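Colleague: I am new to this one. Could you put it on screen and take me through some local details?

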Amino acid sequence: MVTAMTKLAKVIIDGHEFEFPPGMNLVDAAKHVGVIIPVFCYHPKMKPVGMCRMCLVEAGTIQKDRATGEVLLDENGNPQIRWMPKLQTACTMTASDGLVLRTTTEMVESGRNNILEFLLTSHPLDCPVCDKGGECPLQNQTMEFGPGTSRMTFEDKKHLDKNTPLGDLIVLDEERCIQCARCIRFQSEVAGDDVLAFHERGRDLQIITVSDPGFDSYFSGNTTDICPVGALTTVDFRFGARPWELNSVPSICPHCPVGCNTTANTRLDREFDGRVMIKRMMPRQNEQVNEIWMCDKGRFGHHFSRSNERLLEPMIRNGAGSLSRETWSEATAAAAKLLQEANGSVAAIAGTSLSNEDAWTLAQLLKGLGSERLGAWPPTHTGADLVAQVGIGKGSNLGSLGAGDAILVIASDLEEEAPMFRLRTKVAADRGAYLVVANARHTRMDDFASATITYETGHAADMLANIRKDNAEIAEKLASAKNLVIFAGAEGLTLAGSRALMQAAANFLIETGHTGKVNNGLVGVFRGSNMLGLHYTGFSPEATQDIIQNPPKVLILAQADVVSDDPAAAEWLSKVESVISLSLFMDVAAEQSKVVLPIQSFAERDGSFTNAERRVQRFYTAQGAMGESLPAWQALARIAEKSGQGKAKLSAAQVMNEIVANIPAYAGCKFPELAKVEPQFPLVGGDDLYYGGTAYANTGGLGVQIATAADEGGAVEAGDVKPEKAVKVSKGELLVVPTIRLYNRERVFQPSEAHMMAARIADPYVEINAEDAVKLNLKDGDVVKVDVGAGHSVNVRAHVNGAAPKGSVLLPCNLQEAASALTITSGTVTKVER
């Protein structure tokens, strides 16, 4: 770590003297001062290996008198330099005082020329038909540093396989591979999924996958970004378009609370009737959020935005009881009429994929109707109010956590729920952070943990509230850490249990002095992309529970697929007189609604999300609208206008201006502020794509992080942790614990399943403890019926593999058509006879 007291090292590069922090990698140092040292194998996010030799430079050191330490001068008064006899790899050298480099001499140029000539001996010279053509580091460097002709004969060329699937998502062209090992090293060093390796030797050397299924990683797509040639391509984009045909639109991933910055590459395409469509999703650099990476769900989960099953036109239920297509004017007038006739008995349930602008407009519509019943869906995670008080400090960056810091992950399977949080906490642990994982079962995070705590299913808050007594050593290390971040989920908890856990986490942070400071505080691992945005605009899961228990006359469902998530939803929806549905798809609730309004996805409009770290971030219109769909805020504003609540706003920017004027937390979050950028390191997205890969530089904005009450010096006090009420388990029953799988069959991911992800989405299953399986006379592979509450059940296949705690079964959500349990419950598990 560089501090104000650090003595900088003086390094001379091509005759110019520069100062760098001691130990800084020389390729990075040169990049900072505008000196380009070409590389293939080196990447600023990984350890240097010096494999490709492209970064060869002349290196020497200034000579000093051993007795006096004075610099020795030559006859011209210049420092004497002892040059190393051979060229050196700059990527394996670090800045030190007195170091001298030459990067443009004839010897250096000859070395680079020779390296490129060797790389091209068997490399296909077919750039115009290569997927990497136009954004290829090998192509660019050959033009700049390489030989103009080849001395190799065609007969000497080594022929290898051109189409080798490494898994279901990534394809390898073995002839194009230059054996830089970037993909292997990324998977091992960064992702922690050691699933690739070298096989054979010499000219037979090739990349292979060593996992089953092949290339088993949620981060596989990143290898195609950092591959310096066209060796690795994605099934989604392979031969789909030329890079120079694509436009780049900044966006935000809508699938989880991390809020990864992305770039939508678009073009006019015949597959979309000649309209603009997304051809691929790429990472966009934001070092405080996702750095230059993204998970495969964000990369490959965009197909729903143009699915053939999208709602295209407004509908109204007619006198015959069926839905008929109507104009927007007629549909919004019908919705306004239903709401006004309800005389204030109205409520709304908002899904966590609504934008900030959608949520605000919906809240204002209900306020104008005399109602404040604003529910957030799903009602599984709570505590957003506590995040607003003691959330991770403004200006925090998980990328700066390391030795002396600590991270606690509790009641969350980060690998499945928020993959980039998992990746960044893993890398923080590699840098020396003390990582504690607490759960009722084993999760992937355990593989990277410094310590683990296993508690009884459903008792996360009890464990954390008593951690000083029951796990004193771990508690002391957490409490005494320089910085402490707690990631709290809700796995195995009721909504009350989630509240208790979030309060226990807040209390621990307050009592140990880890609030109101950079790199300290609470992060809620919520569902969806905008739970915190819903909180700040007035929505809560507790309100959802109240709506379920006390149904209104009219209920607005805004992008909330309640029937797919809650087995009891059909029952409580039947008690609502009229449902107005704003949806992307004709889901079950929409089929039963009085008014159905088609809304646009994140790809078709402007807007903003507030991620789990309270960073408000913009996304931009990337793709043509589907049918007559509108942004949800615009549809709601038209209803408000028909209800006599004033003229509708003309743009999402105007709506955000109103949010800023009315919600103090959003001060400074107008769209121009969200769009501001500043230099980030590593410097990616420039002309030298070989340095950081094809991740995009951030031109769309870094966002604005909302300050917590603790950040602003407000008094934050520990609160009471209300004991969790244990779920009643009768004789013959087991606890049924809903879990999250990243790849599932939720409505917005089904189009990607059909397109390319089918092999990656598991068949419906339940995990059962081996001892429980023996008692129930079940064996691995049996089809079983699992009771999920409210008289509902699902038929799934049993996995008897030791993953489930004794007395509990783990039932993944959204793998089967019928809803599984919404939160932890109890039920029987019985074998289904054929």
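Modeller: Start at aspartate 14, which sits in the loop between strand E1 (9–13) and strand E2 (16–20). Helices (H or I, at least four residues) and strands (E, at least two) are DSSP runs, numbered from the N terminus. This is a predicted model: local features need pLDDT of at least 70, side-chain atom pairs count only at pLDDT 80 or more, and totals for chains, interfaces and linings use all residues. Residues are numbered from 1 along each chain as its sequence is written, and side-chain values use heavy atoms, without hydrogens and water.

Colleague: What is the phi of aspartate 14?

Modeller: Aspartate 14 is partly exposed, at 29% relative accessible area. Buried means under 20%, exposed over 50%, partly exposed in between (1.4 Å probe, protein chains only). The residue is not a glycine, yet its phi is positive, at about 50°.

Colleague: Is asparagine 343 buried or exposed?

Modeller: Asparagine 343 is another non-glycine with a positive phi, about 55°. Its place is the loop between helix H7 (328–341) and strand E17 (346–351). With a relative accessibility of 67%, asparagine 343 counts as exposed.

Colleague: Which residue does a cis peptide bond join to aspartate 212?

Modeller: Omega is about 5° for this bond.

Colleague: Where is proline 682 found?

Modeller: The peptide bond leading from phenylalanine 681 to proline 682 is cis, with omega near 5°. Proline 682 belongs to the loop between helix H23 (671–674) and helix H24 (689–692).

Colleague: How many salt bridges are there?

Modeller: The rule asks for a side-chain nitrogen of Lys or Arg within 4 Å of a carboxyl oxygen of Asp or Glu. By that rule the count is 45.

Colleague: How many residues apart in sequence are the parts that aspartate 173 and lysine 162 tie together?

Modeller: The closest N and O atoms of this salt bridge are 3.0 Å apart. Aspartate 173 lies in the loop between strand E8 (170–172) and helix H4 (182–191), and lysine 162 in the loop between helix H3 (137–145) and strand E7 (164–165), so the separation is 11 residues.

Colleague: How far apart in sequence are the parts that aspartate 168 and arginine 760 tie together?

Modeller: Their side chains meet in a salt bridge at 3.3 Å, N to O. Aspartate 168 lies in the loop between E7 and E8, and arginine 760 in the loop between helix H25 (750–757) and strand E31 (765–768), so the parts are apart by 592 residues.

Colleague: Which helix holds both lysine 477 and glutamate 473?

Modeller: These two form a salt bridge, with the closest N and O atoms 3.7 Å apart. They are four residues apart, about one turn of the helix. That helix is H14.

Colleague: At what angle do the axes of H8 and H22 cross?

Modeller: Axes are lines fitted to C-alpha atoms, for helices over the stretch in contact, and angles run from 0 to 180 degrees between N-to-C directions. The axes of H8 (residues 356–368) and H22 (residues 652–662) come within 9 Å. They cross at roughly 65°.
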